[in-house]
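Q: Could you go through this structure with me, one question at a time?

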Amino acid sequence: MTPLKDPAHLAFPGGGLALDRPRVMGILNVTPDSFSDGGRFLAREDALANARKMIAHGADVIDIGAESTRPGAVPVPPEEEWRRLEPVLSEVVAMGTPVSIDTYKAPIARDACRAGAVIVNDVWGLQKDPGMADVVAEAGAAVIMMHNRTAADAEIDILDDIDRFFERSLDIAERAGIAPEKQMLDPGIGFGKTLDQNYLVLNRLETLAKHGRPLMVGASRKRLIGAVLSVDTDDRLYGSLAIHTVAMMKGAAMIRVHNVQPHADAARIVRAISAEGVA
């Protein structure tokens, strides 16, 4: 594995993002069936208004997705995924905040990067679509490689499984020519893990630093929060804040969230604690 030249920077076309403080990725779902906000931002104007709101509230990246990855979701053909994305993608890009495309399909990633997306957020870590790594490399985009499994297995060592998955993803990225400074890893909270395994991964998050890449964590409104607090999806903000604050304290360079403003505030407090001051 090639080491990073500058671990405090995520490079992508047009510059990059300094990781000298925790960064906040705002979620923009243009889907009818996402587990949390499915259908709310399917209309073009609603999606654009939400993007503007997140940017005003401090989002460092806007992550646009047009296919739900919740358990049991019906796969979306690429043509339908692009039909949902096309009306909003270029306009969000024009807002000036870096845009990430949440997809595991190479054709969607290619078209999104051509429209101005600079990060590919792949929930299968370059391992689902054999063309994805080459698309990312050719676009010069950054890539977030998430750990995933087709099903949870309570009997496995989940940290070992994540390590081996990351090693495969990093090898694919390197062979495709994706520069180390354009790579980020995501342990995939809520994906292919039992509830207990999710909490184990969060508690041991700092051990994943061994892979030499910055980490992103996304637990916003997920079931592991409802399981502890016994609250519905819309009432999981405080639980989301708790998990993401712990993740940032344990080294997460970016958090992926629905509610940007409270998480941006939390990130600023984490930075002040880490710096032992307000500078």
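Q: Is E276 buried or exposed?
A: E276 is exposed, with a relative accessible area of 74%, where exposed means over 50%, buried under 20% and partly exposed in between, using a 1.4 Å probe and protein chains only. This is a predicted model, in which local features need pLDDT of at least 70, side-chain atom pairs count only at pLDDT 80 or more, and totals for chains, interfaces and linings use all residues. Residues are numbered from 1 along each chain as its sequence is written, and side-chain values use heavy atoms, with hydrogens and water left out.

Q: And where is E276 found?
A: E276 is in the segment after α9 (260-275), helices being DSSP runs of H or I with at least four residues and strands runs of E with at least two, numbered from the N terminus. E276 has a positive phi of about 55 degrees although it is not a glycine, and most residues other than glycine have a negative phi.

Q: What about the phi of L126?
A: L126, also not a glycine, has a positive phi of about 70 degrees. L126 lies in the loop between β6 (119-122) and α4 (132-139), and at 4% relative accessibility it counts as buried.

Q: Switching to α6, which of its residues are buried?
A: In helix α6 (residues 195-203) they are Q197, N198, V201 and L202. They lie on the same side of α6, because they cover an arc of only 140 degrees around the axis, taken from the directions from the helix axis to the C-beta atoms.

Q: What covers them?
A: The cover includes α5 (158-176), β9 (216-217), α7 (223-229) and α8 (237-249), with contact meaning heavy atoms within 4.5 Å.
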